[in-house]
Amino acid sequence: MSLLETLQDTLAAEHAAVYVVEVLGGRTPSDSALYTRLQDLAAAHVERRERLRAEIEALGQAPVGPQAAYDLDGPPTAASAIRARIAQMEAALLPSYAALTADGVGALRRWAATTWAAVAVATVTWGGAPSALPGLAEG
């Protein structure tokens, strides 16, 4: 896969992440600690999305846009179900950042590796299972 394809795939995954976090944040009481965590998480994903857009534009290409909507399998409303869905969403990002770390060079590779690690930590923090090689097929 080319660097551009990897960037586009990672951007598409971040579009989905922003959607999921914002929808779930909208279903969380605004006076709760969970809401605050979701707002911080949304800001991090928006920042990553914008970085990826800028990288793609720097290659002279048009960034892939978001889908109109994403399937949340009936958005959860209980705090424990929201945390589980966020952990699942973070885990889904791991292969994209692993690929971007492999395909990137220089500053992009450093950013991708740092982000890959942050997403792996976030996966576990939100309740996901730890993995020796997050986002990579084991075996």
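Predicted model: local features only at pLDDT ≥ 70, side-chain atom pairs only at ≥ 80, totals over all residues.
Residues are numbered from 1 along each chain as its sequence is written, and side-chain values use heavy atoms, with hydrogens and water left out.

**View 1. The salt-bridge network of Arg49, Glu50 and Arg53.** The structure holds three salt bridges, a salt bridge being a side-chain nitrogen of Lys or Arg within 4 Å of a carboxyl oxygen of Asp or Glu. Arg49, Glu50 and Arg53 are linked in a network of such bridges. Between Glu50 and Arg49, the closest N and O atoms are 3.0 Å apart; between Arg53 and Glu50, the corresponding separation is 2.9 Å. Arg53 and Glu50 stand three residues apart in helix α2 (residues 33–58), and therefore about one helical turn separates them. Helices are DSSP runs of H or I with at least four residues, numbered from the N terminus.

View 2. Buried means under 20% relative accessible area, exposed means over 50%, and partly exposed lies in between (1.4 Å probe, protein chains only). Arg49 is buried, with a relative accessible area of 16%. Glu50 is partly exposed at 34% relative accessibility, and Arg53 is likewise partly exposed, at 24%.

**View 3. The salt bridge of Arg51 and Glu55.** Side chains of opposite charge can pair when their charged atoms come close. Here Arg51 and Glu55 form a salt bridge with an N to O distance of 2.9 Å. Both residues belong to helix α2, where they are four residues apart, about one turn of the helix. Arg51 counts as partly exposed, its relative accessibility being 28%.

**View 4. Helix α4 and its buried residues.** Helix α4 comprises 20 residues (residues 106–125) and should span 28 Å at 1.5 Å a residue; its end C-alpha atoms are 29 Å apart, which agrees. The expected span is 1.5 Å times one less than the number of residues in the helix. Among the buried residues of α4 are Leu108, Trp111, Trp116 and Val119. The buried residues of α4 pack against α1 (3–26), α2 and α3 (79–103), contact meaning heavy atoms within 4.5 Å. After α4 comes Gly127, with a positive phi near 115 degrees.

Key: Helix = DSSP H or I, 4+ residues; strand = E, 2+ residues; numbered from the N terminus.
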